[in-house]
Amino acid sequence: MSNTFEALGTSEGDLHLSNGGTDVFFDVLTLAGCALAGSAWESNLVLYFADGHRLGRGTDGFDLNELPWTANWPAEKAFLLRVLDLALTRHGWDLLAYHPPFALDYLSRYRAMVDGWPAPIPVRTPAPRPDWTVPPPPEHLERCPKHALYNGMLGCRLCDLSLQPLPE
Ligand SMILES: [Zn+2]
């Protein structure tokens, strides 16, 4: 089973990750994102990482164009790049219960894809896009006392033992 991260329109190729690799990718993005998110849109993006890939696991595709970008998308893209840059500094990795040997590679490849992505392209999404200008429910932004991550809908992802990745 694998998951494809795409950014239709980018000058870079796709990123293909195993389910375990996808969990690691969302772990390190959540660690960085929870340290940076300020606006409603930013908090919603980080909650998307925090809750990401935890229900209905299987072969998934994640196209950057499917995110609910607004007219303010250049600032939203800049925020995503800031999250990736902080994650590339291994932010919070001392909290991980495992060693992520490939995460820097995933992050640098995804950063290049996002950086080379010119603008949102209208794409079909399986469900209507949520409105990320609306602040998330406050309880979703409560933080795990151990990891300081958003609890999201499903609880802190680093406390979720079912997400402990298998060795790759
Ligand atoms: Zn936790």
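Reply: Start with Ala75, which lies in helix H3. Keep in mind that this is a predicted model.

Me: Why does Ala75 count as partly exposed?

Reply: Its relative accessibility is 38%. Buried means under 20%, and exposed means over 50%. The value for Ala75 falls in between, so Ala75 counts as partly exposed.

Me: How far is Ala75 from Glu42 in sequence and in space?

Reply: The two are 33 residues apart in sequence. In space, C-alpha to C-alpha, they are 10.0 Å apart.

Me: How do you know that strands S1 and S2 pair?

Reply: Pairing needs at least two bridges. Four bridges join S1 (residues 2–6) to S2, so the two strands count as paired. They run antiparallel. Asn3 stands opposite Leu17 in S2.

Me: Which residues of S2 are on its covered face, and which on its uncovered one?

Reply: S2 spans residues 15–18. Leu15 and Leu17 form the covered face. His16 and Ser18 form the uncovered one.

Me: What makes up the largest nonpolar core?

Reply: This core has 44 residues. Phe25, Leu64 and Tyr110 have the most contacts inside it. Two or more residues each come from S2, H1, H2, H3 and H4. Helix H1 (19–36) gives the largest share, eight residues.

Me: Which residues does Tyr110 touch, leaving out those up to four places away in sequence?

Reply: Tyr110 touches Phe5, Leu15, Phe25, Leu64 and Leu84.

Note on methods. Residues numbered from 1 in each chain as written. Predicted model: local features only at pLDDT ≥ 70, side-chain atom pairs only at ≥ 80, totals over all residues. Heavy atoms only, no water. Buried < 20%, exposed > 50% of the residue type's maximum accessible area, 1.4 Å probe, protein only. Core = buried A, V, L, I, M, F, W, Y, C linked by side-chain atoms within 4.5 Å. Contact = heavy atoms within 4.5 Å.
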